[in-house]
Amino acid sequence: MRLGFSAYDLSDGSVVDEVVVKIRNYIKSGHEIFVWASLPCAPWSAWQHVNGKTIEGMPQRINTAREHSIVMALQFLRIANELRDEPVHFAFEWPRNCEGWKQAEIKEIRRHLVYECTFDGCQYM
């Protein structure tokens, strides 16, 4: 089951409710579940310091994007908490130097993860 913006807006709580139900149904059918979150990291890039100082109106756009990012992270955390007693594996992907790792919500997500793997950046185009 792939969850992404085209089919699922994971910043919407009602969509997350639907996802949790679908995951539980997959578990009941005997499927192994791996939930992998890869939220946009651009709002947390070190480049945003440069953009915020050189592009008019950019600081507000960065803050808005960061707020949306935290909403999605909280929804991922909600899924992890609701499925904590189920046989579900979780992963959260961001580049090593993403400033979002410093956020309390992301630190809480990390507590749900069994393994950690670091990388230097993405190749998303």
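Throughout these legends, buried means under 20% relative accessible area, exposed over 50%, and partly exposed in between (1.4 Å probe, protein chains only). This is a predicted model, where local features need pLDDT of at least 70, side-chain atom pairs count only at pLDDT 80 or more, and totals for chains, interfaces and linings use all residues. Residues are numbered from 1 along each chain as its sequence is written, and side-chain values use heavy atoms, with hydrogens and water left out.

**View 1. The whole protein chain, to get your bearings.** Four helices and two strands make up the elements here (DSSP runs, H or I of at least four residues for helices and E of at least two for strands, numbered from the N terminus). Read from the N terminus, their order is α-β-α-α-β-α. The C-alpha trace spans about 55 × 30 × 30 Å along its principal axes. Of the 125 residues, 34% count as buried. Take the contacts (heavy atoms within 4.5 Å) with a separation of 6 or more: 64% of them join residues 24 or more positions apart.

View 2. The N to O distance between Arg78 and Asp17 is 1.9 Å. Arg78 sits in helix H3 (residues 58-82) and Asp17 in helix H1 (residues 13-28), so the pair ties together parts that are 61 residues apart in sequence. Both ends are partly exposed: Arg78 has 23% relative accessibility, and Asp17 has 39%. Glu82 joins in too, forming a salt-bridge network with Asp17 and Arg78.

View 3. Arg66 counts as buried at 19% relative accessibility, and so does Glu99 at 18%.

**View 4. Glu108 and Arg111, out towards the solvent side.** The salt bridge between Glu108 and Arg111 comes in at 3.1 Å, N to O. Arg111 is the exposed end, with 65% relative accessibility. Glu108 is partly exposed at 26%.

Definitions and conventions:
Salt bridge = Lys/Arg side-chain N within 4 Å of Asp/Glu carboxyl O.
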